[in-house]
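Colleague: I would like to go through this protein with you. Could you show it to me, please?

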Amino acid sequence: MDLKEIQNLIKFVAKSGASEVKLEMDDVKITIKTGSEDDGRMYVQQVPMNMPQQQQQQAPVQSQQQQPQTVAAQESPAPMANDDDKYVTIKSPIIGTFYRKPSPDKETYVEVGSEIKEGDVLCTIEAMKLFNEIESEVSGKIVKVLVDDSSPVEYDQPLFLVDPS
């Protein structure tokens with residue numbers, strides 16, 4: 001697992017309200033424990049499976065509730081908002097990795113200028129090795145793709161701008 005995937009997992013656990021999550025994969029074992037409500041900290045323990053238990057590392061991680069606010073402020077500058085008011089923003093319903101194609105050897109689902117209908121598949125988001133097809137909730141024309149292929153996305157992050165007219 002890379003750092004981005006671990007950060008996404010931490011954010012998911014923070015939003016879910018779970019007190020402890022354990023994840024074991026082929027080469028890594030990760031345990032995420034939330035602290036008490038007062039200190040607002042989470043503890044992440046990552047243990048490579050091929051190393052002895054003595055070498056476990058445990059580090060406090062700052063509460064993830066503060067980070068999404070700063071990210072949102074950086075992503076949406078005020079002057080751009082006026083230009084985009086006439087467009088519908090399609091947002092990510094889950095945390096995961098954004099893919100524009102169903103598989104590497106296939107064509108992209110949609111391009112800028114593509115006409116879409118309600119229910120058309122726009123992209124795929126991979127979360128925990130599950131590939132979720134994201135369908136359009138509106139009809140219109142794709143004006144802008146806001147995320148690069150194979151990029152991590154957050155819950156409620158804008159993915160596409162659609163002109164509904």
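**Confidence and overall make-up**

Modeller: This is a predicted model, and the protein averages a pLDDT of 76, with 68% of the residues scoring at least 70. Here pLDDT is the predictor's confidence in each residue, from 0 to 100.

Colleague: Where is the pLDDT below 50?

Modeller: That is the case over residues 51-81, a stretch that has 26 contacts in the model beyond near neighbours in sequence. A contact means heavy atoms within 4.5 Å. Where pLDDT is low, the predicted coordinates should not be read in detail.

Colleague: Let us take Thr 124. Where is its place?

Modeller: Thr 124 is in strand S8, residues 121-127. Thr 124 counts as buried because its relative accessible area is 5%.

Colleague: Which side chain does Thr 124 join in a polar contact?

Modeller: The partner is the side chain of Tyr 109, at 2.8 Å. A polar contact is a pair of N or O atoms within 3.5 Å; within protein, one must be able to donate a hydrogen and the other to accept it, and residues adjacent in sequence count only if both atoms are side-chain atoms. Leaving aside neighbours within four places in sequence, Thr 124 is also in contact with other residues, including Phe 98, Lys 101 and Phe 131.

Colleague: Is Ser 92 buried or exposed?

Modeller: Ser 92 is buried, because its relative accessible area is 2%. Ser 92 lies in the loop between strand S5 (88-91) and S6, and among the residues touched by Ser 92, not counting those up to four places away, are Ile 125, Tyr 155 and Leu 159.

Colleague: What about Glu 107, buried or exposed?

Modeller: Glu 107 is exposed, with a relative accessible area of 69%. This residue lies in the loop between S6 and strand S7 (115-116). Glu 107 touches Lys 101 and Pro 102, not counting residues up to four places away in sequence.

Colleague: Changing topic, what is phi of Met 128?

Modeller: Phi of Met 128 is near 55 degrees, a positive value in a residue other than glycine. Most residues other than glycine have a negative phi. Met 128 lies in the loop between S8 and strand S9 (130-135), and counts as exposed because its relative accessibility is 58%.

Colleague: And Ser 150?

Modeller: Ser 150 also has a positive phi, near 65 degrees. Ser 150 lies in the loop between strand S10 (140-145) and strand S11 (151-153), and is partly exposed at 44% relative accessible area.

Methods
Residues numbered from 1 in each chain as written. Predicted model: local features only at pLDDT ≥ 70, side-chain atom pairs only at ≥ 80, totals over all residues. Heavy atoms only, no water. Helix = DSSP H or I, 4+ residues; strand = E, 2+ residues; numbered from the N terminus. Buried < 20%, exposed > 50% of the residue type's maximum accessible area, 1.4 Å probe, protein only.
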